Amino acid sequence: MNGLCYPVHGAGLGLRRSLLGALADQTTPPVNFWEVAPENWIGVGGRYGKQFRELTEKFPFICHGLSLSIGGPSPLDEAFLQRLKRFLHEHKIRYYSEHLSYCSDDGHLYDLLPIPFTADAVHYVAERIRRVQDILEQRIAMENVSYYAAPGQEMKEIDFLNAVLHEADCDLLLDVNNIYVNSINHRYDAGTFLQQLPVSRIRYVHVAGHYQEAEDLIVDTHGADVADPVWQLLEKTYQHFGVIPTLLERDFNLPPLAELLQEVEVIRTLQSKWQDQTGEHVQHG
C-alpha cells in the first residue's frame with residue numbers, strides 16, 4: 001500500500017495558452033490538476049494574466065521549470081529564483097520541478113543537454129539543488145530526462161540519478177516516457193530501471209508522446225499521442241509503486257482539448273484499475 005503524501009492527486013494536464021479559450025467554455029474540466037512552465041507566465045498581465053489567475057484560484061497547479069539549468073557551468077540565476085519564489089507564492093502553486101539537465105552557458109541554448117554521469121557531476125549538481133531548495137524554502141523534484149549521448153560517462157544513468165537524489169535530498173518527477181525512450185536508445189530494460197527508483201522520493205509522474213525515428217532511435221517530442229508501450233510502462237509503475245498523480249504533457253501538434261481529455265481519461269482509468277486492485281488510499285496536499 002502506498003501511504004505517501006503527494007502535492008496533488010489524480011490525472012493532470014499541461015496548460016498551454018491555446019487551451020484557454022476552450023477551458024473558458026467548460027465549467028468543470030475533468031482534470032484534477034494543471035502544470036505550467038513558470039517562465040511562460042511570470043510577469044504576464046492583461047487578458048492572459050487574468051485568465052491564468054482565474055484558473056489558479058479554481059484548480060491545483062504545479063510548475064515545471066525550463067530554464068534553471070541545474071547542471072550548467074554558469075552560476076545559478078538567483079534573481080530568477082527570487083522571481084520564481086514570489087510567483088509560486090502568489091498563485092499558491094502546489095509544487096515545483098525541473099529537469100536534471102542543463103540548457104545554458106552565457107545564454108540559453110534552447111535544448112536540454114545531458115549532464116555527464118560522473119561522481120564530480122553528482123556533487124556539483126547536488127550542491128546547486130540544495131541551494132535552490134534553500135532559496136525557495138521548499139523541496140523540489142528533478143525529472144529524469146531523455147538523452148541521446150552520454151559524454152564522459154563513468155556511471156550508469158540509474159546510479160547517477162539515484163546518487164543525485166540522495167546527496168541533494170530532493171524529490172523525483174518520474175517521466176515514464178523518458179524511461180521508455182532511453183531504454184530503446186541506450187538498450188536497457190525499462191522495467192528494471194523503474195524498479196530501482198526510490199518510491200519515497202517520487203512526487204508525480206509525466207507521460208507524453210514521442211517520435212519513432214528508427215527501430216533503435218526514438219526522439220522525445222511531446223508532439224504525439226502517448227504510445228502503447230508507454231501506457232504499459234505506466235501500468236507497471238502503478239503496479240510496482242502504487243497509484244501516483246500523473247500528468248499528460250503535450251507541447252506540439254496540439255489537438256483540440258477534447259482529444260487531450262481522452263488521454264487524461266486513460267490515465268484516470270488506469271489509476272482506478274490499480275486503486276481497485278490494491279485497495280490503496282493516498283494522501284494529497
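How far is the sulfur of Cys5 from the closest cysteine sulfur, and which residue holds that sulfur? The model examined here is predicted. In this model the sulfur of Cys5 lies 18 Å from the closest cysteine sulfur, which belongs to Cys170.

## Cysteines and disulfides

The structure holds 0 disulfides. To count as a disulfide, a pair of cysteine sulfur atoms must be within 2.5 Å. The 18 Å from Cys5 to Cys170 is too far for a bond.

Cys5 is partly exposed, and its relative accessible area is 44%. Cys170 is buried, with a relative accessible area of 0%.

## Positive phi angles

Most residues other than glycine have a negative phi. Two residues are described here against that background.

Lys92 is not a glycine, yet its phi is positive, at about 50 degrees. Where is Lys92 placed? Lys92 sits in the loop between α3 (78-90) and β5 (95-99). Is Lys92 buried or exposed? Lys92 is exposed, and its relative accessible area is 68%.

Asn253 is a residue other than glycine that has a positive phi, near 50 degrees. Asn253 belongs to the loop between β13 (246-248) and α9 (257-278). The relative accessible area of Asn253 is 61%, so this residue is exposed.

## Summary

Lys92 has a positive phi and is exposed. Asn253 has a positive phi and is exposed. The disulfide count is 0, and the sulfur of Cys5 is too far from the one in Cys170 for a bond.

Terms used. Residues are numbered from 1 along each chain as its sequence is written. This is a predicted model: local features need pLDDT of at least 70, side-chain atom pairs count only at pLDDT 80 or more; totals for chains, interfaces and linings use all residues. Side-chain values use heavy atoms; hydrogens and water are left out. Helices (H or I, at least four residues) and strands (E, at least two) are DSSP runs, numbered from the N terminus. Buried means under 20% relative accessible area, exposed over 50%, partly exposed in between (1.4 Å probe, protein chains only).
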